[in-house]
Amino acid sequence: MNEDLLLEIKNLTVSIQKKNESIPIVKGIDMDLPNGQIVGLVGESGCGKSMTAKSINGILPSVAKVTGGSILWHDSKDKVTDLVTLKEKDLRKRCGQDIAMIFQEPMTSLNPMMRIGDQIREVLRIHKLEKSPSQSREQIIKMLESVGIENPSLRYNSWPHELSGGMRQRVMIAMAMISSPKLLIADEATTALDVTTQAQILKLMKSMCTKSSMSALVITHNMGVVSAICDYVYVMYLGTVMEQAKVSELFSNPLHPYTRGLLSSIPKLSGNPEYLKTIPGNIPVVNKKFPGCEFCIRCSEDVQKCFFENPPLKQVGEDHFVRCHTVSL
Amino acid sequence: MAKKIFQNKTAFISLCIILIIALMAVFAPFLSGYEADRQDLLSRLMPPGPQHILGTDELGRDLFTRLLYGTRVSLLIAIIPTALAVLFGTLLGVAGAYYGRYVDVLITWLVDVTLAFPGMLLAMVIMYTFGGSLSSVILSIIIMECGSIARVVRSATLSILENEYILAAKTMGVKNLTIITTHVLPHLVPTLIVLFTLNIPGSILSESALSFLGIGIQPPDVSLGLLVSQSKAFLFKMPWLSLVPSGMIMILVLAFNFLGDALRDILDPKTRY
Amino acid sequence: MDNSVLLSASHLKKKYRIDRKNSIFAVNDVSLDIFTGETLALVGESGCGKSTLSKILMQIIKPDEGTVSFEGKEISSLSERALRPYISRMQMVFQDPASSLDPRMKIRDIIAEPLKAFKIYGTQAEMNERILELTDMVELKEDCLNRYPHEFSGGQKQRIGIARAIAASPKLLVCDESVSALDVCVQAQILNLLKRLKNQLGLTCLFISHDLSVVSFIADRVCVMKNGAICELAPAEKIYSAPEHEYTKYLLASVYCP
């Protein structure tokens, strides 16, 4: 899948800086985002998936810092920019135009003192895409309509509090899409929504991506979301990629014990076992450098080697990589 | 908490100033050889000198001694009514927020009424009704401050009550009074400490203003406000007579304000009133 | 499952005023029976009234109309005092483990709270023994008792919440979105724990959730709610294999399963 890349993350390390130490939370991950594909990033809370996304558009919290690696943005076939080394001002500019982000909380991401239409117009203004007022208005109303908001010309003048959670998330998507970005990052964008609304929003995101051949990075802890819209998926645990594969491949043939544990932890709609087979224990707090596999303490396989040697990421099939000693080629 | 106060410069310095002044006021009889109301007509209106450090007033009384005794009364009047106001304010605020409905309506209405009166006017009414004395000053300060404290406590309590552990306690059959004492009051303590320190300057100023107007502390008692008032006739000829007690009021007010602000940051960085 | 009714609600109504003129029914004429030993799930989208209904059943809020009976005795009209013995037999596990535990209390005191409130144990020693037994039941270590809630992860906090809920040996356990805020693995652990405790202690369970896949794992019967009213109430197998109501079908179609 190397042919047509939009974004390439190479050996990215993000650390939290405390007084005298720096604790790595993303430990050298590699990730490819091809043009026009939806890539999923799954893992439990605290696995560093959100930090990875935030380092792409440089909105890491002040305690965290990118301490290594590069994030390469492919402007065209032969022009490549490293977003990590970019100055903040230039990064901001690029992010607004080419990279859009939607967050989990649509309530706090919208300014409660501004009408919906004006907020979207603000995006146009910042990126200097504003045409004449009437043209912008028309463009915004069209965008609102395309994200499935009924009565868009009426909603243009609504306040955020007058909308339901799902509607607000639609407005957020409209806001993200208005500058026609090349990459959409959705950070747990449907987690707070009801199942029915979630289904609608996911459908919308998928159709937006195919319509405008946009790429998306979907960050979630919900395997169901991944199965619904993603093409390719990365499974993260404690800051490292444990397994990566095409979605159909990962769900039909999960190889890493962590992936298998995650999948068997999810209750199905029918045919559930008496008790769910789950991963025991909690996510450990790792401060010290540990030589072995990060997952070995909770792993169902009991292999001595795992405690001393961190396994490399091995290719086991077409586009299927696993980081585990127990998996042989 | 004590450690944090030592680390916070503002808190530490203002606390030291307050402690030094308070100690001086408490040990006034040992620090000065004079008595506060002892008149010595031969040494009237003396400028500061070796015999009288800060000079004497128009009746020949030693200003330094009067300053110490005045600070004593002013501090007393600052702390006691503020503490009582915090106590009553907490009772009203918690009761209103917790029991809601007509209890809340009644208490909010009461608070609004007291807050609608100009504080000074209210105090004057009390003074003229009960006569100017220490206890009426205390009463009027309590009434002036109680309302705003009750209001802050009420909203703080409301946000505490939103937590699910309150609901959990209710479903576990915990009695209302027990819920208030175990789940509400402990969480209010930081707020109350800050409210207390931030209201003390207000009390000092109210007392001074009342005494300056002649309706607060009555001679022969002394207070800082009374000292300023009595020396106002000599403001241009002998400015130190009024500047020294006014300076003392300013230092106390500033020290308590700074301490309160610092405590607010130390105890609860998230809350802003 | 035996056939005696543990908790029964009949024609419950609760109205909320939106403004001067309009009000909406959070719960509109709901009648249902919970049988001893079963797990009944209450499913619906946010704002469908499932939380309000559970609070009415728990006697936290009073209904405008209708009655609730526990073991055949009507309890919705009882005074707070007369209600206490019934309250101890229905306990609740909350959604947000972070907000349902008082951050200033030690775990020991949190678990002891219902024991003290219902005056179940005479001596301190008996109570300590019970607390140890409870921590063991929810698979927590003994040394956690002297620590504070913020030192624990979400899953562990939820275990503490469960220990507190079963402390007074209730008959009915109401779980209000108790696993919704948890990560998948921890969610599975807590679901397993709830199921095991239910079998071990013979509990009856009212399980409120918006997640149909979680419900299918734990529930015997499912009650689908919309706009304050019950759409469909049927055994779990039937809901999942042959849903009758349009809304149930719509909900099921919205669930993505890997």
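Modeller: Of the 273 residues in chain B, 41% count as buried. Buried means 20 or more other C-beta atoms within 10 Å of the residue's own; exposed means 12 or fewer, and partly exposed lies in between, with C-beta atoms placed from the backbone. The model is predicted: local features need pLDDT of at least 70, side-chain atom pairs count only at pLDDT 80 or more, and totals for chains, interfaces and linings use all residues. Residues are numbered from 1 along each chain as its sequence is written, while chains are lettered from A and ligands numbered from 1 in the order in which they are written.

Start with the fold. Chain B has 11 helices and zero strands. Helices (H or I, at least four residues) and strands (E, at least two) are DSSP runs, numbered from the N terminus. The C-alpha atoms of chain B fill a box of roughly 75 × 45 × 30 Å along the principal axes. Now its contacts, meaning pairs whose C-beta atoms, placed from the backbone, lie within 7 Å. Take those in chain B with a separation of 6 or more: residues 24 or more positions apart account for 69% of them.

Next, confidence. The pLDDT (the predictor's confidence in each residue, from 0 to 100) averages 83 in chain B, and 95% of the residues score at least 70. Over residues 269-273 of chain B it is below 50; this stretch has two contacts beyond near neighbours in sequence.

Now the partners. Chain B does not touch chain A; their nearest C-alpha atoms are 17 Å apart. Chain B does touch chain C: 14 residues of chain B meet 18 residues of chain C. On the chain C side, helix 2 (80-87), strand 6 (90-93) and helix 3 (107-117) each supply at least two residues. Helix 3 of chain C gives the most, with three residues. By class, this side of chain C has nine nonpolar, four polar and five charged residues. Here Ala, Val, Leu, Ile, Met, Phe, Trp, Tyr, Cys and Pro count as nonpolar, Asp, Glu, Lys and Arg as charged, and the others, Gly among them, as polar. Two pairs of chains are in contact, and chains A and C share the most contacts.

Chain C splits into domain 1 (1-89 + 176-258) and domain 2 (92-169). These bounds come from an automatic or database domain assignment. The C-alpha centres of the two domains lie 24 Å apart. Their contact takes 14 residues from domain 1 of chain C and 17 from domain 2 of chain C. Helix 6 (residues 184-201) of chain C gives the largest share of the domain 1 side, six residues.

A nonpolar core is a set of buried Ala, Val, Leu, Ile, Met, Phe, Trp, Tyr and Cys residues joined through C-beta atoms within 7 Å. The largest one has 228 residues; among those touching the most other members are A174(A), L217(A) and C223(C). Helix 4 (residues 63-99) of chain B gives the most to this core, with 14 residues. Each domain of chain C supplies at least three residues.

Last, a residue of chain A. A53(A) sits in helix 1 (residues 49-56) of chain A. A53(A) is buried because 21 other C-beta atoms lie within 10 Å. Its contacts, leaving aside neighbours within four places in sequence, are I185(A), D187(A), L217(A) and I219(A). A53(A) and L217(A) are 164 residues apart along the chain, yet their C-alpha atoms are separated by 8.1 Å.
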